[in-house]
Amino acid sequence: MTASRRAVLAGLAGGVLAGCAGPRSATHISASGAPASTPAAPTPSATAPVAPSPTAPAAAPPVTRAEIVARYGHSVPHTWGFDAPGVMHTLPTTRRGIALTFDACGGPGGSGYDRALIDFLRRREIPATLFINSRWIDANPAVFRRLAAEPLFEIANHGTRHRPLSVTGRSAYGIPGTRGAGEVYDEIAGNRAKLTHLLGAPPRFFRSGTAYCDDVAARIVGDLGERFVSFSVNGDGGATFTPEQVRATVSSAHAGSIVICHMNHPEGGTARGITAAVPPLLATGHDFVHLSDAPH
């Protein structure tokens with residue numbers, strides 16, 4: 001790892017991803033990096049599940065849970081955080097493309113819908129990759145169906161229970177991680193099966209709750225046919241940034257950047273910040289792409 005990459009990751013590690021942890025969850029990380037307590041927000045009630053696509057195949061997963069447990073049940077991880085072998089932080093391209101990615105966390109992380117953000121992307125025809133959690137789908141079935149039907153948006157896997165991806169139960173931002181290879185499998189495969197059923201094809205990309213993983217868990221993601229995606233620009237600080245902070249941070253993106261923001265907190269500054277940041281980036285010759293648009 002280069003010194004510049006270590007510096008970037010060190011800065012990111014200090015950033016808040018409370019849009020995944022829940023800005024009003026029982027525990028979040030303060031600006032100083034210390035835990036801070038706030039009242040817990042109620043979990044939005046789930047509505048009826050999304051109706052399956054009539055063309056959805058009944059394909060079996062690439063590997064079974066038992067195979068993953070046998071393969072990794074005794075593996076000891078060597079990394080923890082936003083980086084691990086095989087994790088994607090930037091676009092592998094020399095084009096001037098930038099990937100905007102938006103998490104929809106669900107459950108205590110928030111099941112809201114930032115309509116203003118999505119409507120802006122539609123008006124300006126800005127493609128984006130949406131990492132959607134299973135519980136957010138259940139809480140927003142009609143919205144999910146519309147998003148999934150629009151070529152402007154690429155749907156990716158944001159997990160089943162929105163857990164940090166660990167084989168040892170490590171936590172991030174107060175959220176307990178998965179405990180063991182079997183739970184890692186469940187976190188990936190549960191929502192993978194749901195998305196495959198609804199979309200008619202499996203998702204290509206995965207991001208865990210909080211974007212934390214260890215190196216063993218990242219290998220399991222790959223074994224299930226997906227690519228773990230992190231980020232190089234923390235665009236909205238977990239939906240805690242003001243509009244001006246979002247504008248300034250997203251405006252710093254350069255060719256090949258993967259920007260993480262959130263689409264599940266309409267009360268935050270994400271929509272206004274993105275609205276302010278995108279036109280100047282377009283004016284300077286950048287364009288916006290899906291993750292799958294870049295060569296892999």
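The side chains of Arg71 and Asp223 form a salt bridge with an N to O distance of 2.9 Å. Because Arg71 belongs to helix α3 (residues 65–72) and Asp223 to helix α8, this pair ties together parts that lie 152 residues apart in sequence. A salt bridge is here a side-chain nitrogen of Lys or Arg within 4 Å of a carboxyl oxygen of Asp or Glu. Helices (H or I, at least four residues) and strands (E, at least two) are DSSP runs, numbered from the N terminus.

The model is predicted, so that local features require pLDDT of at least 70 and side-chain atom pairs count only at pLDDT 80 or more, whereas totals for chains, interfaces and linings use all residues. Residues are numbered from 1 along each chain as its sequence is written, and side-chain values use heavy atoms, with hydrogens and water left out.

## Further salt bridges

The structure contains twelve salt bridges. Another of them joins Arg207 to Asp103, with the closest N and O atoms 2.7 Å apart. This pair links distant parts of the chain, 104 residues apart: Arg207 is in the loop between β7 (205–206) and β8 (213–214), and Asp103 is in strand β4 (residues 97–104). Both Arg207 and Asp103 are buried; the term means under 20% relative accessible area, with exposed set at over 50% and partly exposed in between (1.4 Å probe, protein chains only).

Arg192 and Glu226 also meet through their side chains in a salt bridge, at 2.9 Å from N to O. Arg192 lies in helix α7 and Glu226 in the loop between α8 and β9 (227–228), so this pair ties together parts 34 residues apart in sequence.

| Residue | Relative accessibility | Class |
|---|---|---|
| Arg71 | 43% | partly exposed |
| Asp223 | 22% | partly exposed |
| Arg192 | 10% | buried |
| Glu226 | 5% | buried |
| Tyr173 | 9% | buried |
| Ala239 | 8% | buried |

## Packing of α7 with α8

Two packed helices are described by the angle and the distance between their axes. For α7 (residues 181–199) and α8 (residues 215–223), the axes come within 10 Å and cross at roughly 45°. This angle makes α7 oblique to α8. Angles under 35 degrees count as roughly parallel, over 145 as roughly antiparallel, 65 to 115 as roughly perpendicular, and the rest as oblique. The axes are lines fitted to C-alpha atoms, for helices over the stretch in contact, and angles run from 0 to 180 degrees between N-to-C directions.

The crossing of α7 past α8 is right-handed, a term used when the near helix is turned clockwise from the far one by less than a right angle. Ala181, Val184 and Ile188 of α7 meet Ala217, Ile220 and Val221 of α8. The residues of this contact comprise six nonpolar, no polar and no charged. Contact means heavy atoms within 4.5 Å.

## Positive phi values

Most residues other than glycine have a negative phi. Tyr173, although not a glycine, has a positive phi of about 55°; Tyr173 is located in the loop between β6 (153–157) and α7. Ala239, likewise not a glycine, has a positive phi of about 65°, and Ala239 sits in the loop between β10 (233–234) and α9 (243–251).

Terms used: Nonpolar A, V, L, I, M, F, W, Y, C, P; charged D, E, K, R; others polar.
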